[in-house]
Each structure stands twice: as structure tokens, then as C-alpha cells.
Amino acid sequence: MILMFAVAAMMPLASMAPVAARQKDSQVRTVHGGVLDKSDNIVNGGVVYLQNKKTQVIRTYISDQDGQYTFSGLDPNVDYDIHAELNGLTSVVKTISSFDSRTEIVLSLKLDRKKADK
């Protein structure tokens, strides 16, 4: 009898877990857009860098034949820096703020300056 009560008491908690996971998943963000040259032509093969400012982890994406890139599953409570590079050129670094409430963010990255030597 006690075992049945313990199992029944845990069932509401177990049934709540999928709801919490769905709510969390619905809050993740996606950033996507295009890589362009200084004349606004699409650039395929541009390397797009996305840096999580909390963990400093960097994710990369190589723009496709249409110059497009996508990063999904981004934590809405974290700031990110994003920029693109190709053949010694770079875009400005843009910040995706945790204060930005959009779940889908579209950013164009223009390769319009020489990459600084480190």
C-alpha cells in the first residue's frame, strides 16, 4: 500500500517534465542570415563565427551556395557575438543580446574590412 502511494505521488512530477521541456524548447532562439561582400553580392564559403559570451565557446558555420548560415538552439539568457570571415576579410562583430526577446533573429554579415593581424 505504501509503495502504491509513493508511485502515485511521483506521477504528477513525471507528467510535468515533458511540459517543462517543451516550454524550455519553445524559448530557444535561432539566428540566420546571409554573408555578403562589400557590393552586397552573396558569398558562399564564408566562415561565420558565433561566440557564447558566457562560456566563450565558439561555433562555426560555412555559408552555403546561397550565402546563408543558421545557428539554432541558442540559449535566450546568453549574449552571443557573431561575425563572418573569408580570404582576409571580415565583417563587423555584432552582438545578439539576451535582452532581445525575438526567437528568430535575421542578420546579414558584410565582408567589408580587412581582418586585423593578431
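These are my notebook entries on a predicted model of one protein chain.

**Ground rules**

I number residues from 1 along each chain as its sequence is written. The model is predicted, so local features need pLDDT of at least 70 and side-chain atom pairs count only at pLDDT 80 or more, while totals for chains, interfaces and linings use all residues; side-chain values use heavy atoms, with hydrogens and water left out.

**Entry 1: the whole chain**

I looked up confidence first. pLDDT is the predictor's confidence in each residue, from 0 to 100. The chain has a mean pLDDT of 84, and 76% of its residues reach 70 or more. Over residues 1–25 the pLDDT stays under 50. For that stretch the model has 0 contacts beyond four places in sequence. Contact here means heavy atoms within 4.5 Å.

Next I looked up the elements. I found 1 helix and 10 strands. Helices (H or I, at least four residues) and strands (E, at least two) are DSSP runs, numbered from the N terminus. The order from the N terminus on is α-β-β-β-β-β-β-β-β-β-β.

The accessible surface comes to about 8,200 Å², and 58% of it belongs to carbon and sulfur atoms. Such areas come from the Shrake-Rupley method with a 1.4 Å probe; for residues, only the protein chains shown count as cover. Of the 118 residues, 26% are buried. Buried means under 20% relative accessible area, exposed over 50%, and partly exposed in between (1.4 Å probe, protein chains only).

**Entry 2: the core**

Which residues touch the most other members of the largest nonpolar core? I noted Val 31, Val 48, Leu 50, Tyr 69, Phe 71, Ile 82 and Ile 96, in a core of 17 residues. Such a core is a set of buried Ala, Val, Leu, Ile, Met, Phe, Trp, Tyr and Cys residues joined through side-chain atoms within 4.5 Å. Two or more residues come from each of β1 (29–37), β2 (47–52), β4, β5 (80–86) and β9 (109–111). In soluble globular proteins, nonpolar side chains tend to be buried together.

Leaving aside neighbours within four places in sequence, its contacts include Leu 50, Tyr 69, Phe 71, Ile 82 and Ile 96.

**Entry 3: the rings**

How many aromatic pairs does a search of the whole structure find? It finds 2. Rings of Phe, Tyr and Trp (its six-membered ring) pair if their centres lie within 6.5 Å; planes under 30 degrees apart count as stacked, over 60 as edge-to-face and the rest as tilted.

Tyr 61 and Phe 71 are 6.1 Å apart, centre to centre, with 70° between the planes, and the pair is edge-to-face. Tyr 61 is in strand β3 (residues 58–62) and Phe 71 in strand β4 (residues 68–74), 10 residues apart. Tyr 61 counts as partly exposed, because its relative accessibility is 31%. Phe 71 has 2% and is buried.

Tyr 69 and Phe 71 have ring centres 6.1 Å apart and planes at 55°, so I logged this pair as tilted. Tyr 69 is buried, like Phe 71. Tyr 61, Tyr 69 and Phe 71 form one aromatic cluster.

**Entry 4: Ser 63**

A polar atom of its side chain lies 2.8 Å from the backbone oxygen of Val 43. Beyond four places in sequence, Ser 63 touches Val 35, Val 43, Asn 44, Gly 45, Gly 46 and Gln 68.

**Entry 5: positive phi**

Most residues other than glycine have a negative phi. I looked up two with a positive value.

Asp 40 has a phi of about 65°. Asp 40 is in the loop between β1 and β2. At 47% relative accessibility, Asp 40 is partly exposed.

Asn 87 has a phi near 50°. Asn 87 lies in the loop between β5 and β6 (89–90). Asn 87 counts as exposed, because its relative accessibility is 72%.

Terms used:
A polar contact is a pair of N or O atoms within 3.5 Å; within protein, one must be able to donate a hydrogen and the other to accept it, and residues adjacent in sequence count only if both atoms are side-chain atoms.
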